[in-house]
Protein chains: 2
Amino acid sequence: MEISYNQNKAELGKMLFFDPRLSKSGWLSCNSCHNLAMGGDDNRPSSIGHQWQIGPINSPTVLNARFNVAQFWDGRAKDLQEQAGGPIANPKEMASNHQLAIKILQSIPDYQTKFEKVYGDKDISINEVTDAIAEFEKTLITPASRFDQWLLGDDSQLTLQEKEGYHLFKEKGCVACHNGVGVGGNSYQKFGVVKPYDKDKNSLGRYNVTKKEEDKYVFKVPLLRNIELTAPYFHDGSVWSLNEAVSLMADYQLGIKLTDNETNKIVAFLKTLTGKQPEITYPVLPPENIHTPRPSIN
Amino acid sequence: MEISYNQNKAELGKMLFFDPRLSKSGWLSCNSCHNLAMGGDDNRPSSIGHQWQIGPINSPTVLNARFNVAQFWDGRAKDLQEQAGGPIANPKEMASNHQLAIKILQSIPDYQTKFEKVYGDKDISINEVTDAIAEFEKTLITPASRFDQWLLGDDSQLTLQEKEGYHLFKEKGCVACHNGVGVGGNSYQKFGVVKPYDKDKNSLGRYNVTKKEEDKYVFKVPLLRNIELTAPYFHDGSVWSLNEAVSLMADYQLGIKLTDNETNKIVAFLKTLTGKQPEITYPVLPPENIHTPRPSIN
């Protein structure tokens, strides 16, 4: 998992990622829903937005999100940059708009200087803002999980139970969707392959994008890296227990009933996917001034 | 500003300071209102609490708060530890209660281990929680401001305008209240010494604690260190411009009218009080599990 990125750009992106002034209220930042202290999500069924509006879907982790084939559960953003612009302007989330966000940043001389350093111009654009945020997010990988170290040949990293769990993970068919660098994130699949998922009928998934009937309830397969850090599970955040999540997946997606022993082993394996969390130096943000548009609670 | 503190305890306190699970919703942490990226406050007139309730008073900075004679604008908490317990259980703020907060922490094995390491016991108490948070907060000082360096003999740190501002700050009488290590924070004073402050009649200040008529509208004098980072100003957060704040203070507290030139000089001096911000490595919090009480939006 070697990665390369532009350090000045990522440093600017980190500031923006943590800056609540990108929200109308001055209260919510990217990190509110994608909290880097908590596995890159907010550990809630769905997020809380402007005026305490409750989001319709579980916030996916930003950790390793670069390995997703597209962003959002329905894949409506083609990459991290396109994703980053969404929540800022979503009236149920940060409830700002791109013009206001730019006006705020543009009013702060330190931001002007930093954008000029990275993009060669003091005039800040929304494309630069989302580009910088995406660049920071690209740094958010979690290498050196026990499973990775085991794959590289260090047999002591996994217990017998965990190895058996890995074996079951492949044998039972989980690996059909959860594979690749992110252990997921590279395909869309229907939630409810062998029996309909009926807990949530409101989230139409990929259908939102394609408007094809067969894409109803089709979602991007979530990444399984760091899965122990990101309860509750599924697009509706309805399940808090990883054992229950594994058991339900087997039932709905594979049409099999796992024994408790099998579930325990698979869960033990999944917990070996927790990697080294990014070490983040919390940014110091430049102060606003009398020219900065003021936050609004309404 | 040499300080000593218990490193393990402060490290645990940092985790708690950033942990939104201390709130009922799992959404708000100490850092929500006392954001260490933004001068230790939230840069809003007043904070947003559980269910988007709007707080009655401006959140003071946590930076250098150890130098306050007591905590909160009305001084109702004698120290940082006593303060830390307040917002957790305030129904308008984090809206949890101490029993629930403890139950959540106690359910997380990593927290148990860390509390045992610091306090010798896996049984977590609210006193330990607030003690650890206070220990972390004691580390949040901002040394080496240009003014400090100038005081230590480096004359090049201040411009002529800034020095003149410092002279005016003393000569006009600001220093009568804003003095000591924190440049404030060590006394209570009436807001409206020479003429009544009528923008906010709801905040009774020190009267809340003493119930003495003469303590109405008496507030703890705020610290002026890093003041350029913590707009808006006053207990009601009604003023965004530091120039306007200085001018109003002179008017209400000293009964004098500063010229624009004098105000500019004093503001220039105040900006030399911005110190080195604490370098915070963002914590990685241990995950909850099926035994952890779940967050609630209601």
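**A tour of cavities and core**

The lining of the second largest cavity comprises 6 nonpolar, 5 polar and 5 charged residues, where Ala, Val, Leu, Ile, Met, Phe, Trp, Tyr, Cys and Pro count as nonpolar, Asp, Glu, Lys and Arg as charged, and the others, Gly among them, as polar. The model is predicted, so that local features need pLDDT of at least 70 and side-chain atom pairs pLDDT 80 or more, while totals for chains, interfaces and linings use all residues. Residues are numbered from 1 along each chain as its sequence is written, chains are lettered from A in the order in which they are written, and side-chain values use heavy atoms, without hydrogens and water.

Select Arg21(B), Gly26(B), Pro293(B), Arg294(B) and Pro295(B), which among the 16 lining residues are the closest to the centre of the second largest cavity; its volume is about 130 Å³. A cavity here is a set of points on a 1 Å grid over the protein atoms alone where a 1.4 Å probe fits but cannot get out, and lining residues have an atom within 4 Å of a point.

Next, select Ser29(A), Asn31(A), Ser32(A), Asn31(B) and Ser32(B), which lie nearest the centre of the largest cavity, lined by 24 residues. Two elements, α2 (30–33) of chain A and α2 (30–33) of chain B, each give two or more residues to this lining, helices being DSSP runs (H or I) of at least four residues. The largest cavity has a volume of about 350 Å³, and its lining has 12 nonpolar, 10 polar and 2 charged residues.

Finally, show Leu16(A) with its contacts (heavy atoms within 4.5 Å): leaving aside residues up to four places away in sequence, Leu16(A) touches residues including Leu22(A), Cys30(A), Tyr111(A) and Phe115(A).

Notes
On a 1 Å grid over the protein atoms alone, a cavity is a set of points where a 1.4 Å probe fits but cannot get out, and a pocket is an open set with protein on both sides within 12 Å along at least five of seven lines; lining residues have an atom within 4 Å of a point. Grid points are joined across faces, edges and corners, and a volume is the space filled by probe spheres set on the points.
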